[in-house]
Amino acid sequence: MPTPKIHEATAARDALAAALTSAGIQLPAMDVRTHAAAGYALIHLGVCSAPVARALADVIAKGAAR
């Protein structure tokens, strides 16, 4: 049964994926990993190529400059 933390992490992952998609960026693997005993969930972003990392850096820099 999903906990509030899992729901929160899943919603955050989905929001991040939507924002990245709107910026033309797609990470190959994004999922939610849980640790039931500790009661938390983390968003795993996986690995990405150098061009995707550069695109992420550019989008973040543009957003930070606003």
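This is a predicted model: local features need pLDDT of at least 70, side-chain atom pairs count only at pLDDT 80 or more; totals for chains, interfaces and linings use all residues.
**A walk from the hairpin to the nonpolar patch**

Residues are numbered from 1 along each chain as its sequence is written, and side-chain values use heavy atoms, with hydrogens and water left out.

**The hairpin**

Now widen the selection to residues 31-35 (strand 1) and 40-44 (strand 2), which run antiparallel and are joined by five bridges. Strands here are DSSP runs of E, at least two residues, and helices are runs of H or I, at least four residues, numbered from the N terminus; two strands pair if DSSP finds at least two bridges between them. Another pair to click on is Arg33 with its bridge partner in strand 2, Leu42. The two strands form a hairpin with four residues between them, and in that turn Gly39 has a positive phi of about 75 degrees.

**Salt bridges**

The rule asks for a side-chain nitrogen of Lys or Arg within 4 Å of a carboxyl oxygen of Asp or Glu, and by it the count comes to three salt bridges. Asp31 is partly exposed at 31% relative accessibility, and Arg33 is too, at 45% (buried is under 20% relative accessible area, exposed over 50%, partly exposed in between, with a 1.4 Å probe and protein chains only).

Next, jump to helix 1 (residues 4-22), where Lys5 and Glu8 sit three residues apart, about one turn of the helix. Their salt bridge has its closest N and O atoms 3.9 Å apart, and Lys5 is partly exposed at 44%. Then pick Arg13 and Asp14, whose side chains meet in a salt bridge at 2.9 Å, N to O; Asp14 is partly exposed at 41%.

**The core**

Which residues make up the largest nonpolar core? Select Leu20, Ile25, Leu27, Met30 and Val52, five in all. A core is a set of buried Ala, Val, Leu, Ile, Met, Phe, Trp, Tyr and Cys residues joined through side-chain atoms within 4.5 Å. In soluble globular proteins, nonpolar side chains tend to be buried together. Centre on Leu27: beyond residues up to four places away in sequence, Leu27 touches Leu20, Leu45, Cys48, Val52 and Leu56 (contact means heavy atoms within 4.5 Å).

**The patch**

Last stop: Leu16, Ile43 and Leu45, which make a nonpolar surface patch of about 210 Å². Patch residues have over 30% relative accessible area and no salt bridge; like charges are joined within 9 Å, and nonpolar side chains (Val, Leu, Ile, Met, Phe, Trp, Tyr) within 5 Å. The areas come from the Shrake-Rupley method with a 1.4 Å probe, and for residues only the protein chains shown count as cover.

Leu45 lies in the loop between strand 2 and helix 2 (50-64) and is partly exposed at 38%. Ile43 belongs to strand 2 and is partly exposed at 32%. Leaving aside neighbours within four places in sequence, Ile43 is in contact with Ala9, Ala12, Arg13 and Asp31. To finish, draw a distance from Ile43 to Leu27: their C-alpha atoms are separated by 12 Å, with the two residues 16 apart along the chain.
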